[in-house]
Amino acid sequence: CHIPSALGVILRTTDKIVWANEFEPIELTCLIESISTNNPRIEWKKIKDGIPSYVYFQNKIAGDLENRAQLREPANILIFNTTRSDTAEYRCEVAAIDDQRDFDEILISLAVRVKPVVPRCSVPEAVTVGTSTELRCLENEGFPAPQYRWFHNNEELPQDPKNSPRFVNFSYTINPDTGSLKFRRVRKEDAGEYYCQAKNDAGHAQCPTQVMEVYDVDIIGIVLKCLGGVSVVIILMAFLCSIRRMCLQYKCHNENHYNWPTQNNGVEYADADEGHFRHKSSFII
């Protein structure tokens with residue numbers, strides 16, 4: 001049944017979902033619209049990952065907000081400098097023992113925005129005309145997750161180059177969610193200075209400028225291939241010389257240790273399998 005407001009405690013808030021920037025003050029409102037009890041019991045609880053903990057209990061600030069907040073009439077709580085760890089749900093509870101409806105509560109969600117830090121950028125130092133390449137940008141601190149923008153020679157690259165007459169001939173794609181800048185076919189005009197900016201509602205940050213050079217010919221690749229070919233030839237020649245030297249040494253060794261058979265008393269030895277010998281000349285008596 002409906003309880004008249006004069007007989008029960010009723011709470012309301014100006015915002016059930018509250019956003020705040022890190023290190024700035026924020027007030028969570030818990031307004032008492034109706035109450036008969038003179039000194040109601042007021043409590044605030046922080047609920048993070050489903051686990052409640054007191055932040056205002058027995059008429060004083062407690063827990064995570066100790067020394068960082070105060071209670072303001074009638075039951076609002078003011079946080080002096082919010083931090084990212086303050087992101088959670090907060091429940092205001094009021095108990096009024098003299099009221100017919102002696103208890104009410106209200107739930108407020110607080111999200112603390114965090115400014116991005118300097119992103120990590122990866123820009124290739126040199127690429128060849130006509131090849132594909134990718135520039136990367138990443139930042140892990142900002143909340144909400146930042147959007148990424150790329151700049152070439154201090155001029156912002158539009159997300160879709162076809163929508164800008166100035167960049168209509170460019171062949172790149174930008175993913176603002178991941179920070180990726182991809183070139184399908186690099187042109188000489190793509191050479192220059194690049195930097196990336198990460199931005200959300202709390203602020204922005206950018207990485208230092210890096211230079212990408214574009215070459216007509218892959219000079220580095222050609223030099224490396226040539227050096228590689230020369231190295232193979234040198235190694236092969238050294239191997240063949242080593243084999244030849246070993247063969248010569250082996251041949252000389254065999255010649256020096258071979259015993260040639262001698263002829264004695266005019267006897268010529270026959271083959272071993274004949275089992276006898278024959279006279280080369282007749283005995284003279």
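I will speak about the disulfides, then the strands, and finally a surface patch.

Please keep in mind that this is a predicted model. How many disulfides does a search of the whole structure find? The search finds 3. With the bonded cysteines numbered in sequence order, they pair 1-2, 3-6 and 4-5.

Let me begin with Cys30 and Cys92, whose sulfur atoms are 2.0 Å apart in a disulfide. Cys30 sits in the loop between strand S3 and strand S4, while Cys92 belongs to strand S10, so this bond ties together parts 62 residues apart in sequence. Cys30 is buried, at 0% relative accessible area, and Cys92 is likewise counted as buried, at 0%. The torsion about the S-S bond is -75°, and the link is left-handed.

Next, Cys121 is joined to Cys207, with an S to S distance of 2.0 Å. Here Cys121 lies in strand S12 and Cys207 in the loop between strand S20 and strand S21, 86 residues apart. The torsion is about -100°, so this disulfide is left-handed. Both Cys121 and Cys207 are buried.

The remaining disulfide joins Cys137 to Cys196. Because Cys137 is in strand S14 and Cys196 in strand S19, the pair ties together parts 59 residues apart in sequence. Are these two cysteines buried or exposed? Cys137 counts as buried at 3% relative accessibility, and Cys196 is buried at 0%.

S14 pairs with strand S12 in the antiparallel sense over 3 bridges, and Leu138 in S14 is the bridge partner of Arg120. S14 also pairs with strand S18, again antiparallel over 3 bridges, and there Thr133 stands opposite Phe183.

I turn now to an open sheet of 6 strands, in the order S2-S11-S10-S5-S6-S7, with mixed pairing. Its edge strands are S2 and S7, each of which pairs on one side only. S2 and S11 run parallel over 5 bridges, and Asn21 stands opposite Arg113 in S11.

Finally, which residues make the nonpolar surface patch of about 520 Å²? They are Leu236, Phe239, Leu240, Ile243 and Met246. Met246 is found in helix H1, residues 219-256. At 52% relative accessibility, this methionine counts as exposed, because the cut-off is over 50%.

Notes: Residues numbered from 1 in each chain as written. Predicted model: local features only at pLDDT ≥ 70, side-chain atom pairs only at ≥ 80, totals over all residues. Heavy atoms only, no water. Patch = residues over 30% accessible without salt bridge, like charges linked within 9 Å, V, L, I, M, F, W, Y side chains within 5 Å. Areas by Shrake-Rupley, 256 points an atom, 1.4 Å probe, with all protein chains shown as cover. Salt bridge = Lys/Arg side-chain N within 4 Å of Asp/Glu carboxyl O. Helix = DSSP H or I, 4+ residues; strand = E, 2+ residues; numbered from the N terminus. Buried < 20%, exposed > 50% of the residue type's maximum accessible area, 1.4 Å probe, protein only. Pairing = 2+ DSSP bridges. Disulfide = S-S within 2.5 Å.
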